[in-house]
There are 2 protein chains.
Amino acid sequence: MNGQLRDGVVEIAGNARQQFYDARGYGTPDGGNSIRVSRVEAAHLLFRGDLDYIVDGGSHFDFEAFFLDSASAVDRFALRFLVYAELRDRGFYLSPAREGWPGEDDSEWTDLTVYPRGTKPGDGKPAHRIVVVGERASVPAAELGGVTLAVVDEESEISYFETSQPEFDGGTTYQPPDSLAGSLIDDRVVVWDSPDGFFDHGFYGQPLTAREAIVDSAVQLSLVEAAGLAAEGHLDLKDVGGPAVEAIRERGRAVEGERFDRRLTVYRALRSQQVVPKTGFKFGADFRTYNTVESVEDLPHSECLVRVVEADHAFDPRELSLDVRLAGGVRKRMVFALTGANEEVEWLTVSRLTP
Amino acid sequence: MNGQLRDGVVEIAGNARQQFYDARGYGTPDGGNSIRVSRVEAAHLLFRGDLDYIVDGGSHFDFEAFFLDSASAVDRFALRFLVYAELRDRGFYLSPAREGWPGEDDSEWTDLTVYPRGTKPGDGKPAHRIVVVGERASVPAAELGGVTLAVVDEESEISYFETSQPEFDGGTTYQPPDSLAGSLIDDRVVVWDSPDGFFDHGFYGQPLTAREAIVDSAVQLSLVEAAGLAAEGHLDLKDVGGPAVEAIRERGRAVEGERFDRRLTVYRALRSQQVVPKTGFKFGADFRTYNTVESVEDLPHSECLVRVVEADHAFDPRELSLDVRLAGGVRKRMVFALTGANEEVEWLTVSRLTP
């Protein structure tokens with residue numbers, strides 16, 4: 001059986017509707033017994049030997065020739081073919097997300113619509129809306145959330161990333177006192193006489209300890225913790241004129257630039273939801289978060305890793321893969337906080353998916 | 001007991017030699033019974049209550065005052081104090097790496113010399129030569145190898161990274177044929193008729209497969225694999241005039257800039273040692289490596305993750321923490337390949353250490 005290429009679409013006559021559409025979910029019916037299939041679908045039919053060749057004017061294309069012709073005619077053809085073929089092998093029916101095809105998508109950004117296992121194109125709600133990219137693409141964070149990213153790496157292996165909006169379920173009720181005093185020392189703040197509960201229940205800072213030390217109430221705060229406390233009126237600095245929050249922010253900007261303000265915005269947004277953010281340094285993230293801290297002695301597992309990025313951030317898929325892989329390995333959700341300084345925060349969760 | 005600050009060093013008289021040096025490894029003897037201790041050591045003695053205060057001219061400093069004075073006088077004082085205190089708490093003796101102190105180090109870069117557990121300062125070979133940095137420091141890769149990096153994060157927790165030169169123990173003996181022909185399609189190369197063993201034993205590329213496909217010999221190569229094969233004379237391109245390696249490199253540079261040349265240099269250096277580099281995308285690295293591949297069906301665990309960096313690369317400690325943490329989680333060594341294009345490769349292994 002052959003197909004006929006016309007205006008970028010392949011028409012297949014004969015009993016194609018029954019054989020390919022009804023039975024196996026390829027293409028879109030043409031009214032009668034013939035169907036139209038996309039180039040990706042046609043290549044797959046050639047690859048499997050279901051079609052012998054594609055006719056285009058006077059040319060006859062076999063799989064290799066049609067693949068090369070399509071790769072030069074269509075954006076990301078090879079990538080989309082690889083993802084299409086793999087998902088079919090995994091037992092899914094899927095359609096190109098284009099007008100006139102089953103389950104058409106109103107987003108220009110979606111490439112493939114995948115139906116739940118056991119259901120056919122156009123039946124019910126799609127299981128995944130797939131965006132196909134190469135590992136060298138730049139992926140705008142603002143376009144994610146609700147779609148599944150299929151990243152084809154340089155060796156043509158595919159990683160799937162599910163994207164969604166996280167919900168935080170904070171329940172940390174500790175309130176810091178209003179009378180803390182600290183010293184700004186390089187890029188940290190030391191509160192020499194911290195009150196009971198400040199570390200143990202609020203999980204602010206880190207005690208300055210040593211075996212048999214005579215000083216046991218000193219707590220070191222990160223600049224972002226200190227700036228957060230100062231902004232809410234809980235902390236003053238010794239030996240500093242003017243508002244403490246400004247002095248700390250100034251130091252923060254001196255050591256890490258405008259990124260400090262964005263991190264502070266995210267820190268405060270989390271604390272305001274009764275979530276405790278602590279440094280994510282050991283995981284290469286900005287923060288790890290605890291929904292509910294009652295006592296540091298009985299600390300729960302931290303639920304999320306948070307990386308703070310600019311509001312118009314675009315992901316390098318390899319860096320995304322690194323973050324998401326690490327988070328999965330330590331059983332945490334990877335959350336990106338998109339924000340400018342002093343602005344609203346948009347949240348995005350990305351997780352690995354094995355369809 | 002008190003100390004006397006003079007020229008940045010604290011002198012302690014009385015029976016200090018017996019009490020602090022002989023018994024507990026603080027400072028360096030002065031000839032008689034008195035000793036000299038560094039500011040970090042003096043602060044630790046104050047912190048533990050072993051000294052009451054430090055005299056400097058007319059001033060008497062308690063722990064808090066001496067800490068603040070030292071922090072303004074000495075580079076990274078707070079960081080070095082934190083590392084010193086933690087390592088002592090873990091049962092190590094350690095000395096500041098400075099002239100006149102036991103175990104003095106000839107590197108200006110080392111901050112602290114740590115002795116093996118159970119041995120005293122100056123006895124035998126140091127267990128660790130410690131470089132103390134804050135998480136916001138920029139750490140030149142070329143200075144590492146042989147030292148232990150103690151990174152103090154923004155919340156004053158400490159991560160230790162051991163650095164060394166890796167050895168590869170390659171034993172992959174497959175030789176590719178000289179007659180491969182491929183098509184350059186976007187950012188990959190397809191060899192339509194690959195010979196037996198090319199993928200199965202050489203672990204080159206990735207088969208283009210689908211269930212029940214009629215085509216079963218097509219293998220997709222990454223650009224770096226293809227350029228490596230072309231450079232060694234094993235691969236030509238269909239429909240391309242001129243040397244295949246130049247066409248592939250040009251495509252490589254078009255999609256990832258000069259980084260492509262550096263990655264190719266590292267790829268070829270590994271293959272020349274009979275090590276198989278495959279993409280490290282799923283781990284966020286450039287490559288994962290296999291010392292000895294006999295058959296892809298019976299693939300060993302890959303031993304290393306390799307990230308390619310510039311010859312003058314400086315690490316952001318947080319990114320370093322991310323890479324090393326991930327590698328540890330998947331039981332691989334994290335290796336950095338420092339190189340310019342077409343230049344020698346310097347290798348650096350970094351691993352987490354719990355002293």
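How are helix 2 of chain A and helix 3 of chain A oriented to each other? They are roughly antiparallel (angles over 145 degrees), because their axes cross at roughly 165 degrees.

This is a predicted model, in which local features need pLDDT of at least 70, side-chain atom pairs count only at pLDDT 80 or more, and totals for chains, interfaces and linings use all residues. Residues are numbered from 1 along each chain as its sequence is written, chains are lettered from A and ligands numbered from 1 in the order written, and side-chain values use heavy atoms, without hydrogens and water.

**View 1. Helix 2 (residues 39–47) and helix 3 (residues 63–73) of chain A.** Their axes (lines fitted to C-alpha atoms over the stretch in contact; angles run from 0 to 180 degrees between N-to-C directions) come within 10 Å. Helices are DSSP runs of H or I, at least four residues, and strands are runs of E, at least two, numbered from the N terminus. Contact (heavy atoms within 4.5 Å) involves A42(A) and L46(A) of helix 2 and F66(A) and S70(A) of helix 3, among others.

**View 2. The open sheet of chain B.** Its 6 strands have the order 3-4-2-1-5-6, with mixed pairing (at least two DSSP bridges between two strands). Strand 3 (28–29) and strand 6 (59–61) are the edge strands. Strand 1 (residues 2–6) and strand 2 (residues 9–12) pair in the antiparallel sense over 3 bridges; R6(B) has V9(B) as bridge partner.

**View 3. Helix 3 (residues 63–73) of chain B on strands of chain B.** This helix lies across strand 1, strand 2, strand 5 and strand 6, at about 100 degrees to strand 6.

Key
Parallel < 35°, antiparallel > 145°, perpendicular 65-115°, else oblique.
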